[in-house]
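Please look over the sequence and the model before reading on.

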Amino acid sequence: MPAKDGRLLRVGVLGCGPIAQAAHFESCTKARNATLYAICDVADDLRLRMAATHAPQRQFADYDAMLADPDLEAVIIATSDAFHVPAALRALEAGKHVLCEKPLATGIEEAESLRGVAAAQGCILQVGHMKRFDAGLQAAKTFIDHGMGQMVALKAWYCDSTHRYPMTDAVQPLIVTSRHARKPAENPKADLDRYYMLAHGSHLVDTARYFAGQITAVDARLLNRAGIRCWFVDVEFASGVLGHLDLTVAVRMDWHEGFQIYGGNGSVLGKTYNPWYYKSSEVDIFHESAGETRRVLGADGHFYRRQLEGFADVILHGAPMTGAGLEDGIASVRAMVAIAQSVRSGQPVRLADVTGAL
């Protein structure tokens with residue numbers, strides 16, 4: 001656990017559900033430059049238990065009361081997707097910086113509504129695409145930007161596994177639930193095409209954008225067979241790079257996630273693990289000039305803690321944003337909406353032309 005800095009960002013976590021318990025509470029307590037100042041949840045039993053476990057300085061049943069605390073500097077929004085934008089808007093209006101779980105929103109216009117208030121308040125909004133803080137992906141990005149030359153093609157895949165739950169149950173903390181927890185009016189899993197795209201496709205799209213830049217068009221197919229949903233998406237990037245994305249839920253094998261990238265001066269092959277193992281991706285970077293492959297160790301694989309530290313560095317010290325910013329979050333939502341529209345129409349879709357929600 002890193003030693004704490006002298007100046008710590010005072011963070012409040014909204015929501016005491018699974019993602020907060022598995023990732024964000026621990027990240028706040030372990031981060032070198034942040035502290036778990038407050039937690040907020042309407043479920044009294046759940047909030048009290050989390051307060052006893054993680055020892056925040058303050059706890060709140062009312063979100064507006066937490067936002068009114070002058071000592072609170074930033075909020076992590078760890079709620080269901082439907083609550084992301086309303087919660088982010090209220091935090092920004094209160095002058096608090098925001099780290100919002102992915103996806104930023106479920107619709108394009110909803111996501112774009114955050115632009116004006118974030119700019120007016122001068123607040124940072126970062127989206128929780130924590131894979132950008134995987135040391136293996138960061139090594140690949142450095143090579144792409146400074147050594148690979150012109151990128152030619154990118155293939156990336158994100159394949160959830162039928163075996164993920166027994167495997168993650170072995171390594172995650174016991175997740176505590178409450179019958180008093182606030183739930184969205186509509187069951188998020190009522191439409192599994194939509195749910196899987198938001199939950200898993202958001203990671204895949206952001207990884208592709210992180211490496212290859214702006215997506216301008218998609219041509220997507222979806223097959224639902226044998227209890228498996230498989231999206232194959234041909235992607236057009238503004239740079240002219242050829243792209244192909246594979247989102248499959250759920251494969252009858254181990255977790256299967258990774259990427260291949262081909263460039264003028266070398267190539268990259270990456271294997272990414274189930275995030276709850278906190279294991280950095282194994283990324284082999286081939287340097288054509290040296291005729292050799294190199295792999296970063298990535299000993300620190302706590303992506304959620306590293307994400308929070310990057311967020312805090314931006315706020316406290318004016319460091320460059322290395323995570324996914326507001327515009328990245330909006331672009332990911334736009335790409336997912338375009339994929340859904342391409343599946344329905346059977347035609348390629350340009351991102352500039354899409355509106356609406358998944």
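## A walk through the model

Ala55 sits in the loop that joins α2 (44-54) to β3 (58-60). Helices (H or I, at least four residues) and strands (E, at least two) are DSSP runs, numbered from the N terminus. The model is predicted, so local features need pLDDT of at least 70 and side-chain atom pairs count only at pLDDT 80 or more, while totals for chains, interfaces and linings use all residues. Residues are numbered from 1 along each chain as its sequence is written, and side-chain values use heavy atoms, with hydrogens and water left out.

Although Ala55 is not a glycine, its phi is positive, at about 55 degrees. Ala55 has a relative accessible area of 59% and is therefore exposed. Here buried means under 20% relative accessible area, exposed over 50%, and partly exposed in between (1.4 Å probe, protein chains only). Ala226 is another non-glycine residue with a positive phi, of about 60 degrees. Ala226 is placed in the loop between β8 (215-225) and β9, and with a relative accessible area of 63% Ala226 is exposed.

Two cis peptide bonds can be described next. The bond from Lys102 to Pro103 is cis, with omega near -10 degrees; Pro103 belongs to the loop between β5 (97-100) and α5 (108-112). The bond from Val249 to Ala250 is cis as well, with omega near 0 degrees, and Ala250 is part of strand β10 (residues 242-251).

Where does Asp234 lie? Asp234 is in strand β9 (residues 228-237). Its relative accessibility is 40%, so Asp234 counts as partly exposed. Contact means heavy atoms within 4.5 Å. Not counting residues up to four places away in sequence, Asp234 touches Ala217, Val218, Asp219, Gly243 and His244. Between the C-alpha atoms of Asp234 and Pro103, which are 131 residues apart along the chain, the separation is 21 Å.

Gly301 is located in the loop between β14 (292-294) and α10. With 5% relative accessibility, Gly301 counts as buried. Its contacts, leaving aside neighbours within four places in sequence, are Tyr278, Lys279 and Ser280. The C-alpha atoms of Gly301 and Tyr277 are 8.4 Å apart in space, and the two residues are 24 apart in sequence.

The aromatic side chains come next. A pair of aromatic rings is described by the distance of the centres and the angle of the planes. Rings of Phe, Tyr and Trp (its six-membered ring) pair if their centres lie within 6.5 Å; planes under 30 degrees apart count as stacked, over 60 as edge-to-face and the rest as tilted. By this rule there are seven aromatic pairs. In one of them, the ring centres of Tyr210 and Phe211 are 5.4 Å apart and the planes are at 40 degrees, so the pair is tilted. Tyr210 and Phe211 are both buried.

Trp276 and Tyr304 make a stacked aromatic pair, with 5.4 Å centre to centre and 10 degrees between the planes. Because Trp276 lies in the loop between β12 (266-272) and β13 (282-287) and Tyr304 in helix α10 (residues 303-317), the pair ties together parts that are 28 residues apart in sequence. Trp276 and Tyr304 are both buried. One aromatic cluster is formed by Trp276, Tyr278, Phe303 and Tyr304. Tyr278 of this cluster is also among the contacts of Gly301.

What does the chain look like as a whole? The protein chain has eleven helices and 16 strands. A compact globule of 358 residues would have a radius of gyration near 21 Å, and the 20 Å of the protein chain agrees with this. The radius is taken over C-alpha atoms, and the globule rule is 2.2 Å times the number of residues to the power 0.38. The C-alpha trace spans about 55 × 45 × 45 Å along its principal axes.

Of the 358 residues in the protein chain, 54% are buried. Among contacts with a separation of 6 or more, 69% are between residues 24 or more positions apart. The protein chain exposes about 15,300 Å², of which carbon and sulfur atoms supply 52%; accessible areas come from the Shrake-Rupley method with a 1.4 Å probe, and for residues only the protein chains shown count as cover.
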